[in-house]
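I opened this notebook to keep track of what I looked up. The entries follow the order in which I checked things.

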Amino acid sequence: MRISYQDSNYRRSIPAEERLSICLRFLATGDSYRTIAGSFRAGISTVSMLIPDVVAAIWDCLVEEFMAVPGAEEWR
C-alpha cells in the first residue's frame, strides 16, 4: 500500500486505516487541521503532511478509472 509505513526504532507509524480516516474526515467536513489533530490525538504537523500524501495516493490509484483521458475518436 502506498499509505502504509513501517515502524521505526523511535516511533510507531500511523496505520493506513487511521491515515485514511483522517483524510476522509478532512475531506468530508472541511475541519481545520487543528480540530482533526485533536480528534485523532495526532500532531498538527503530522496531519498537515498526512492529508496531502493520502489525497495524492487516492488520486494516483483512481485517476485512470474515473478521469480517463479522451482519445481522438471521442473528440469527434
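Is Cys61 buried or exposed? I found Cys61 exposed, with a relative accessible area of 56%. I use buried for under 20% relative accessible area, exposed for over 50% and partly exposed for what lies in between, with a 1.4 Å probe and protein chains only.

Notes on the source. This is a predicted model, in which local features need pLDDT of at least 70 and side-chain atom pairs count only at pLDDT 80 or more, while totals for chains, interfaces and linings use all residues. Residues are numbered from 1 along each chain as its sequence is written, and side-chain values use heavy atoms, with hydrogens and water left out.

Entry on cysteines. I looked for disulfides, meaning pairs of cysteine sulfur atoms within 2.5 Å, and the structure holds zero. The closest cysteine sulfur to that of Cys61 is in Cys23, 12 Å away, which is too far for a bond. Cys23 is buried, at a relative accessible area of 0%. I then listed its contacts, that is, heavy atoms within 4.5 Å. Leaving aside neighbours within four places in sequence, Cys23 is in contact with Ile51, Val54 and Val55.

Entry on helix H1. Helices here are DSSP runs of H or I with at least four residues, strands are runs of E with at least two, and both are numbered from the N terminus. H1 covers residues 16-29, 14 residues in all. From first C-alpha to last, H1 reaches 20 Å, close to the 20 Å expected at 1.5 Å a residue; the expected span is 1.5 Å times one less than the number of residues.

Which residues of H1 are buried? I noted Ala16, Arg19, Ile22 and Cys23. Seen down the axis of H1, these buried residues fall within an arc of 130°, so they line one face of the helix. The arc is taken from the directions from the helix axis to the C-beta atoms. An α-helix has 3.6 residues a turn, so residues three or four places apart point the same way. The buried residues of H1 pack against helix H2 (33-40) and helix H3 (44-66). On the other side of H1, I found Glu17 and Ala28 exposed. Gly30 follows H1 and has a positive phi, near 75°.

Entry on the core. I call a nonpolar core a set of buried Ala, Val, Leu, Ile, Met, Phe, Trp, Tyr and Cys residues joined through side-chain atoms within 4.5 Å. The largest one has twelve residues, among them Ile3, Ile14, Ile22, Cys23, Ile36 and Leu50. H1, H2 and H3 are the elements that give two or more residues to this core. H3 supplies the largest share, five residues.

Entry on aromatic rings. I searched the whole structure and found one aromatic pair. Rings of Phe, Tyr and Trp (its six-membered ring) pair if their centres lie within 6.5 Å; planes under 30 degrees apart count as stacked, over 60 as edge-to-face and the rest as tilted. The ring centres of Phe26 and Tyr33 are 5.3 Å apart and the planes stand at 55°, so this pair is tilted. Phe26 is partly exposed at 24%, and Tyr33 is partly exposed at 26%.

Entry on two single residues. Arg41 lies in the loop between H2 and H3. Its phi is positive, near 55°, in a residue other than glycine. Arg41 counts as exposed, at 80% relative accessibility. Ser13 lies in the segment before H1 and counts as buried at 15%.
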